[in-house]
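We will take the tour one selection at a time.

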Amino acid sequence: MAAATRLISRLTLVTGGGSGIGQAVCQRFASEGASVVVADISEESANETLKSLTSDCRGQVHMSAEVDVSSKESIKKLITNIQTLYYQPPSVCVNAAGITQDDFLLNMEEEHFDRVIQVNLKGSFLVTQAVAQALVACGAPKGSIVTLGSIVGKVGNLGQSNYSASKAGVQGLTRTAAKELSRFGIRCNCVLPGFISTPMTDKVPEKVITKTLTAVRAGLTADVLKTEIRRLCSS
Ligand code: NAD
């Protein structure tokens, strides 16, 4: 099927849809014919993304919604609203909501550790669980849930003990969800991006980005990359 039409009549949910990767996913899904629910903790950003979505295919209806993925109540309200409006749960869900609160391990505040785990890891769990429960309850024949891990969850990164732990957790969560949900026709996949230029990476020091890009272009392995980043961050 042509890429431009492969999501016709699919209902999709994208958390963190107000910015960066989530916003780009919303725009791509809409351009491929899907109806998109843009969900974000920032209602304003979600509305901005909503305004940017195309609706060239018949039956495409997009909506924006405010949600805090770290709150079970907030997610429950979101899923209920979606089912009220569309008479079905989303069959495609991308968990792109995420935060960083960087500091070196020796200085990291407990609440910064907890908040990053709550949003990135617990948020991915709560959204994945709620969407999967809704799909199973209505007997949907198939579904696809995507989570956002990070290369940092594999190799670690200075100043990101909370973030790297959350992303390693997201990978484990997704692998288990995939094993448990395959019998319901629900695929679960975790994407591990490197650096993608978004508001999140605006905070990464330029010298780290430049060196990382050079290393990636040179085809260095994850281990060499890890050593290089460590050397840079300590210099
Ligand atoms: P971003 O900061 O541009 O977007 C994140 C979005 O999540 C924002 O719109 C924000 O408002 C929203 N959000 C934050 N907390 C939320 C909450 N509690 N509930 C709902 N929404 C919330 O970041 P991005 O770069 O687009 O990152 C998207 C995902 O990709 C994140 O999970 C991030 O960890 C992951 N990732 C990004 C990169 C990168 O290089 N940009 C690399 C690896 C992984």
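Start with helix H6, which lies across E5 and E6 and runs at about 160° to E6. Keep in mind as you look that this is a predicted model.

Next, select the strands. Six of them form an open sheet, in the order E3-E2-E1-E4-E5-E6, with parallel pairing. Colour strand E3 (63-66) and strand E6 (186-191): these are the edges, and each has a single partner strand, so one side of each is left without a neighbour in the sheet. Look along the sheet to see the twist, which averages 15° from one strand to the next.

Now zoom in on strand E1 (residues 11-15) and strand E4 (residues 92-95), a parallel pair joined over four bridges. Pick Leu13 and you will find its bridge partner in E4, Cys93. Then bring back H1, which packs on the sheet and touches E1, strand E2 (35-40), E4 and strand E5 (143-148). The direction of H1 makes about 165° with that of E1.

Last stop, the ligand. Which residues are closest to it? Of the 29 residues that surround the ligand, the closest are Ser19, Asp40, Tyr163, Ile196 and Thr198. The shell divides into 15 nonpolar, ten polar and four charged residues. Helix H1 (20-31), helix H4 (110-137) and helix H6 (161-181) each supply at least two of its residues.

- Val69: a backbone N or O atom lies 3.0 Å from a ligand nitrogen.
- Gly194: a polar backbone atom is 3.1 Å from a ligand oxygen.
- Ile41: a polar backbone atom is 3.2 Å from a ligand nitrogen.

Note on methods: Residues are numbered from 1 along each chain as its sequence is written. This is a predicted model: local features need pLDDT of at least 70, side-chain atom pairs count only at pLDDT 80 or more; totals for chains, interfaces and linings use all residues. Side-chain values use heavy atoms; hydrogens and water are left out. A residue is near a molecule or strand if one of its heavy atoms lies within 4 Å of it. A polar contact is a pair of N or O atoms within 3.5 Å; within protein, one must be able to donate a hydrogen and the other to accept it, and residues adjacent in sequence count only if both atoms are side-chain atoms. Ala, Val, Leu, Ile, Met, Phe, Trp, Tyr, Cys and Pro count as nonpolar, Asp, Glu, Lys and Arg as charged, and the others, Gly among them, as polar. Two strands pair if DSSP finds at least two bridges between them. Axes are lines fitted to C-alpha atoms, for helices over the stretch in contact, and angles run from 0 to 180 degrees between N-to-C directions. Contact means heavy atoms within 4.5 Å.
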